[in-house]
Amino acid sequence: MKDTILIDSYAQIKHNQNGKFRAAVRSSVLDLLSIKHRILGHEKDLKTPRIQFLYFHHIFKDELKNFENLLEYLSKDHVFISHSEAVDRLLTDRVDKPYIAWSSDDGIQNNMLAAKALNKYGASCCFYINPASIGLTDVEKIKHFCREKLEMPPVAFLSWNEVELLQRQGHEIGNHTFKHDMVSQLTQEQFEEDFLKADTILTQKCGPIKHFAYTYGRFENFTKPAFKFVMNNGYQSCISASRGCHINGKGMLNKNKVFLRRDQIIADWNLSHIKHFLIKGVQELDYNTNFLPKSLD
C-alpha cells in the first residue's frame, strides 16, 4: 500500500496492526467461551428485556456481509430503536423488551455503507462525529488526524453533505468533541471550549444536538466535571465506550445522573464472539450501572 492511499478495507487495518499473536490468543479464548455459552444454553439470555447500546467505528466493504448477518440475527429477538428513544425508555422506566440502539464514532466515510445496511433493517443510528475531521480531503491532514487521534491508518471521512443525507434517512448526529482530544487530558476550561465549539458547529449544520460520546471511552478518559457540564448544557445523554447494558424497574430517572454504557462491535469478528459480549452484558445487568462509576463519582 502506498503511503498516500487511504485504506478502504478491514484487511488493510489488520495487516497494519501489531499484536497479531495477542489477537490469536484472544480469538481462541472467545472460541472457548462461545462453546460454553452454547453448551449451557446462554443464548436464551438475549431475550431478556434491556437496552443495549451497540457501536462501531467502521464498516469497511469487506465487513459489510458480516454486519448484515449480525443485523439479521439480532432482528429476530430484538427491537431496534433510535438512540433518543432508548434514552427516553430508560429514563421513563419503559424497558419492556430486548432493545438495541446503534451508534458509531469518528465519522469515517464508510459509515454510509453501515447506514445502508441499517436502513434495510429499519434500524436508526446515532453517528457521533468530530467537526474537525468532517469534510477533510487533504491526505496529509487525514494521515495526521488518523495517526494522532484515532491511532489507525488513514481513512476517508464523511462530508457534510453525507452527514445531511444520514439525517434525511432518519439517523441522528451526536457530539464527539471537536477534534477527538482525550477529555481527561484537558483542563475543564479547555474541555468546555472544545465541547461548545463542536456543539456550535454541529447545531449550525445539523440542528439541535442531544447526545455526547466522549472520546476513547474508558472511565479514566473522562471526568465528573465534564459530565456535569454536558448535562447542564441541555444534552439528553452522555455515553461511554465501557461495556454493559441497561435496565430500570425503579421508576423515573433523573437524566442528569444517568451515565450510559456501550458495547463495541467490530463487524469482522466472528458472530459467536459478538454473542459472547452481548450475553456477558445481560448476565451482568445491574440497576446501578445506570449511573456514574465510583471512579468518577
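Which residues make a nonpolar surface patch of about 410 Å²? In this predicted model, the patch is formed by L32, I35, I39 and L40. L40 belongs to helix α2, which covers residues 20–40. With a relative accessible area of 48%, L40 is partly exposed, because that value falls between the 20% limit for buried and the 50% limit for exposed.

**Helix α8**

Helix α8 runs over residues 188–206 and has 19 residues. At 1.5 Å a residue, the helix should span 27 Å, and the distance of 26 Å between its end C-alpha atoms agrees with this. Its buried residues are F191, D194, F195, A198, D199, L202 and C206. They cover an arc of only 130° around the axis, so they sit on the same side of α8. The face turned away from that buried side carries the exposed residues E189, E193 and Q204.

**Cysteines**

How many disulfides does the structure hold? The count is zero. C146 takes part in no disulfide, and the nearest cysteine sulfur, that of C125, is 19 Å away. C238 is likewise in no disulfide; here the nearest cysteine sulfur belongs to C126, at 12 Å. A disulfide requires two cysteine sulfur atoms within 2.5 Å, so the 19 Å at C146 rules one out, and so does the 12 Å at C238. C146 counts as buried because its relative accessibility is 0%. C238 also has 0% relative accessibility and therefore counts as buried.

**Positive phi angles**

Most residues other than glycine have a negative phi. D93 is not a glycine, yet its phi is positive, about 60°. D93 is located in the loop between α4 and β3 (98–105). H180, also a residue other than glycine, has a positive phi near 65°. The loop that holds H180 lies between β5 (172–175) and α8. Is H180 buried or exposed? At 4% relative accessibility, H180 counts as buried, whereas D93, at 30%, counts as partly exposed.

| Residue | Phi | Loop |
|---|---|---|
| D93 | about 60° | between α4 and β3 (98–105) |

**Helix α4**

E85 is found in helix α4, residues 83–91. E85 is partly exposed, because its relative accessible area is 30%. E85 and H37 are 48 residues apart in sequence, and their C-alpha atoms are 30 Å apart in space.

Notes: Residues are numbered from 1 along each chain as its sequence is written. This is a predicted model: local features need pLDDT of at least 70, side-chain atom pairs count only at pLDDT 80 or more; totals for chains, interfaces and linings use all residues. Side-chain values use heavy atoms; hydrogens and water are left out. Buried means under 20% relative accessible area, exposed over 50%, partly exposed in between (1.4 Å probe, protein chains only). Patches are made of residues with over 30% relative accessible area and no salt bridge: like charges are joined within 9 Å, nonpolar side chains (Val, Leu, Ile, Met, Phe, Trp, Tyr) within 5 Å. Accessible areas come from the Shrake-Rupley method with a 1.4 Å probe; for residues, only the protein chains shown count as cover. A salt bridge is a side-chain nitrogen of Lys or Arg within 4 Å of a carboxyl oxygen of Asp or Glu. Helices (H or I, at least four residues) and strands (E, at least two) are DSSP runs, numbered from the N terminus. The expected span of a helix is 1.5 Å times one less than its number of residues. The arc is that of the directions from the helix axis to the C-beta atoms.
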